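User: Could you go through this entry with me, starting with the helices and then the other parts?

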Amino acid sequence: MTDVSRRAFLAAAGAGAAAIWLTAESRDVIAASRHAMQATRFQVLSGADAADLEAATSQIVPTDDTPGAREARVVYFIDRALATFAKDQKKSVESGLKELRKRAAKQVRGAKSFAALPNDKQIAVIASMEKDKHEFFFALRYMTIAGMLSNPEYGGNYNKTGWKWIGFDDRFSWATPFGWYDRNA
Amino acid sequence: MPDHTHDHPPLTPLQQSTVKYRPEDEVDFVVVGSGAAGGVVAKELSTAGFRVVVLEQGPWRTEKDFVHDELKTWNENLLTNNWKDSPNTFRKTEKDKANVKPSVLYGRGVGGTSVHFSANFWRFREIDFKEASVKGTVPGTGLVDWPITYQELEPYYTKVDWEVGVAGAPGPYDPPRSRPYPMPPHPAKSTGALLEAGAKKLGWKPFPAPMAIVSKLYQGRSACAQCGFCLGFGCEVRAKSSALVTVIPAAVATGKCEVRPNSYVRKVETDAKGRATGVKYFDANKQEIYQRAKAVVVCANGAETPRLLLNSKSNLFPNGLANSSGVVGKYLMFNGGGYSNGVFEHEVNGYKGIVATRLVWDLYELDPKLGLSGGGGFDFRFADTPINFVMGSLPPDSPTWGSAFKKLVENTYNRQLSCYGHTTSLPVATNSISLDPSLKDAWGVPAIRMTYQDHPNDMKLYQYFADRGEELLKAAGAKQTWKAKPESQDFSVHLLGTCRMGNDPKTSVVDKYNRTHDVKNLFVVDGSSLVTSGRGQPTMTIQALAFRAGDNIAGFAKRREI
């Protein structure tokens, strides 16, 4: 295949368990956007789930001198998605969170939450899941990236944080020069 | 309204069909499919005064349905076939077990794939029609000459340029043209400027890419706004010259053509004399309807057309309709390619603007010493929407999470691009679309089984183009380059060759006028008629063939030769 980018397709269909999100029977993605932008409370996630998901996605795209997943409100994107187009993914997210906590308890005896771990231990947990190619690692990664880079109507990418991160601007018209090389050709 | 929603003035809605035919009316033509080919055929036949019903399996969308929404567009198969309702199976060879796996992607809706395609509009060159006799055949393939030449098709290429709307400028390797382009090419983006710089260093001659996207006000359609959402998306400003906004409105304006959306054809019906009598289709409520017609033109694309013919078997046609040769579904071609990638020092911003602005055709035909059949052309492009890019296009061995990942993405999205080496792919008889013996779609119709393995020549060809492409990127100044090893393809959007054109009814499905050899009033017009694959961009040729077929079919009908 050439034109519909092969890589794009592989990203959608072949990226391990990340694909669980992309193969969702998503007839009502748009419903997610209708609810979005006024994220005051969670529709699906419990407080504890939201805290752990926020901490975990913030390890995928951390906050440093620039905003990360937390500031992009990725966790709200996930909540909206689970309430709407990714309804059928609720169970896999729940079991993923269970795994996350199990691994958290291995790092710090008796720990009941991932979010409560110190930063280095959180990193160790995510690294262990990556190493084992655990499907929740891929799901976390996809949810974070989709939550950062999808249209803000879905509840993430707050203030276009994700688009600013990568340098994308969703304008509806552009003119020359588009970049450095056509300006300096 | 979210603040990133566009603020273009609303477009005047395009008129939908005013004429309505009843299924029991025997119309002159029923056209199956409303895409690049079906739209042209409908326009040509209705303009000639014939009563035409176009049956399109998907909905009739307008610009309001097209959104800059990556999640929705990809996640929901918003504009395309979806693999849940329309699954298929795939196997590499006839010996393998076929497993369910998405293998074809095409536009589902009025306008077909031309709604969401990139709009690269290369003409074929003379050599594409006679490669076998000029360069020689290749063992294990069905590489043969076309029954027509470039010169015979040229007037219709020109018709496409002017009626559909193609922007471009003559290049050093252009085949002869009878009329200039109707409008100037699009400005070079940084991807185009880099391709030009790299190509000149290698002694090659880059030139502006011909694109079916209008570069100025043309036939009431406004110039491209360079928004960057071409590939995979519908055009919100009507600048992309899709069938939806060009030939379909022209067909509808005749008052003779009814385009019926949400109408999924499952069978071409024939009578005891072996003539087509119409088609059976499901409407939006899955009610079966029998539309009668004096003649049928199938324009359903290179995968769905052979499937429909094979599903139309009867006592008289036990191997499927128009398949006395046994060639229906065979010689499936995709176009292949060699892909390489590069990261540059400064901002490329490839996400802005149309997909490709400059081309290199210096390897369209290869040095015979290489011992490779075929050839190709290059463009530099960056057509990744944000999520797809970060999920699937970062340099190899990149970190995938954490601070280093975050930094990398920050410095790469605007500086990365790909070199696409678009190539031929050889016609191989065992590469095919057939019916899966057990899998059915959501309507209970036997599903597609694809069998496909790239020919060894093509695997080498893809590698050659990936290697040359990487050199091109380096010559352009890329500070980092990489390429993936080519793999045999198992998925395509270019669906070609499965009802090949030829003079001999024993070895081809349609004659040089796109009439099936077996059924006098059945025509097949789309990518399936292609005898060879061209160098990667087939739609221009599909539309030229459709204009030519429409012209000829109208002539046959007027002379009562159908």
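**Helix packing, sheet, loops and chain contact**

User: Is the crossing of α1(B) and α12(B) left-handed or right-handed?
Analyst: The crossing of α1(B) and α12(B) is right-handed, meaning that the near helix is turned clockwise from the far one by less than a right angle. This is a predicted model, in which local features need pLDDT of at least 70 and side-chain atom pairs pLDDT 80 or more, while totals for chains, interfaces and linings use all residues. Residues are numbered from 1 along each chain as its sequence is written, and chains are lettered from A and ligands numbered from 1 in the order in which they are written.

User: At what angle do α1(B) and α12(B) pack?
Analyst: The angle is about 30°, and the axes of α1(B) and α12(B), residues 539-558, are 8 Å apart; axes are lines fitted to C-alpha atoms, for helices over the stretch in contact, and angles run from 0 to 180 degrees between N-to-C directions. The two helices are therefore roughly parallel to each other, the word used for angles under 35 degrees.

User: Which residues make that contact?
Analyst: On α1(B) they include Ala36(B), Val40(B) and Leu45(B), and on α12(B) Ile542(B), Phe547(B) and Ile553(B) are among them, where contact means C-beta atoms, placed from the backbone, within 7 Å. By class, the contact of α1(B) with α12(B) has 11 nonpolar, three polar and two charged residues.

User: Where is Gly35(B) found?
Analyst: Gly35(B) sits in the loop between β1 (27-32) and α1 (36-47) of chain B, and with 34 other C-beta atoms within 10 Å it is buried, a label that needs 20 or more. Beyond its neighbours within four places in sequence, Gly35(B) touches residues including Gly107(B), Thr113(B), Cys299(B) and Asn301(B).

User: And Asn301(B), what is its phi?
Analyst: Phi of Asn301(B) is near 95°, a positive value in a residue other than glycine. Asn301(B) belongs to the loop between β9 (288-298) and α8 (304-311) of chain B, where it is buried, with 29 other C-beta atoms within 10 Å. Gln226(B) also has a positive phi, of about 55°, although it is not a glycine, and Gln226(B) counts as buried with 22 C-beta neighbours inside 10 Å.

User: Switching to strands, in what order do the four run in the open sheet?
Analyst: The order is β12-β13-β10-β16 in chain B, with antiparallel pairing, where a pair needs at least two DSSP bridges. β12 (376-381) and β16 (480-483) of chain B stand at the edges with a single partner strand each, so one side of each has no neighbour in the sheet. β12(B) and β13(B), residues 416-423, pair over six bridges, and Phe380(B) has Cys419(B) of β13(B) as its bridge partner.

User: Which helix lies across those strands?
Analyst: That is α11 (residues 456-475) of chain B, which lies across β10, β12, β13 and β16 of chain B and runs at about 25° to β10(B).

User: How many residues does each chain bring to the contact between A and B?
Analyst: Chain A brings 53 residues and chain B brings 66. On the side of chain A that touches chain B, α1(A) gives the most, with seven residues, and that side divides into 34 nonpolar, 11 polar and eight charged residues.

User: Last one, which peptide bond in chain A is cis?
Analyst: The bond from Thr176(A) to Pro177(A) is cis, with omega near -10°, and Pro177(A) has its place in the loop between α9 and α10 of chain A.

Key:
Two residues are in contact if their C-beta atoms, placed from the backbone, lie within 7 Å. Ala, Val, Leu, Ile, Met, Phe, Trp, Tyr, Cys and Pro count as nonpolar, Asp, Glu, Lys and Arg as charged, and the others, Gly among them, as polar. A residue is buried if 20 or more other C-beta atoms lie within 10 Å of its own, exposed if 12 or fewer, and partly exposed in between; C-beta atoms are placed from the backbone. Angles under 35 degrees count as roughly parallel, over 145 as roughly antiparallel, 65 to 115 as roughly perpendicular and the rest as oblique.
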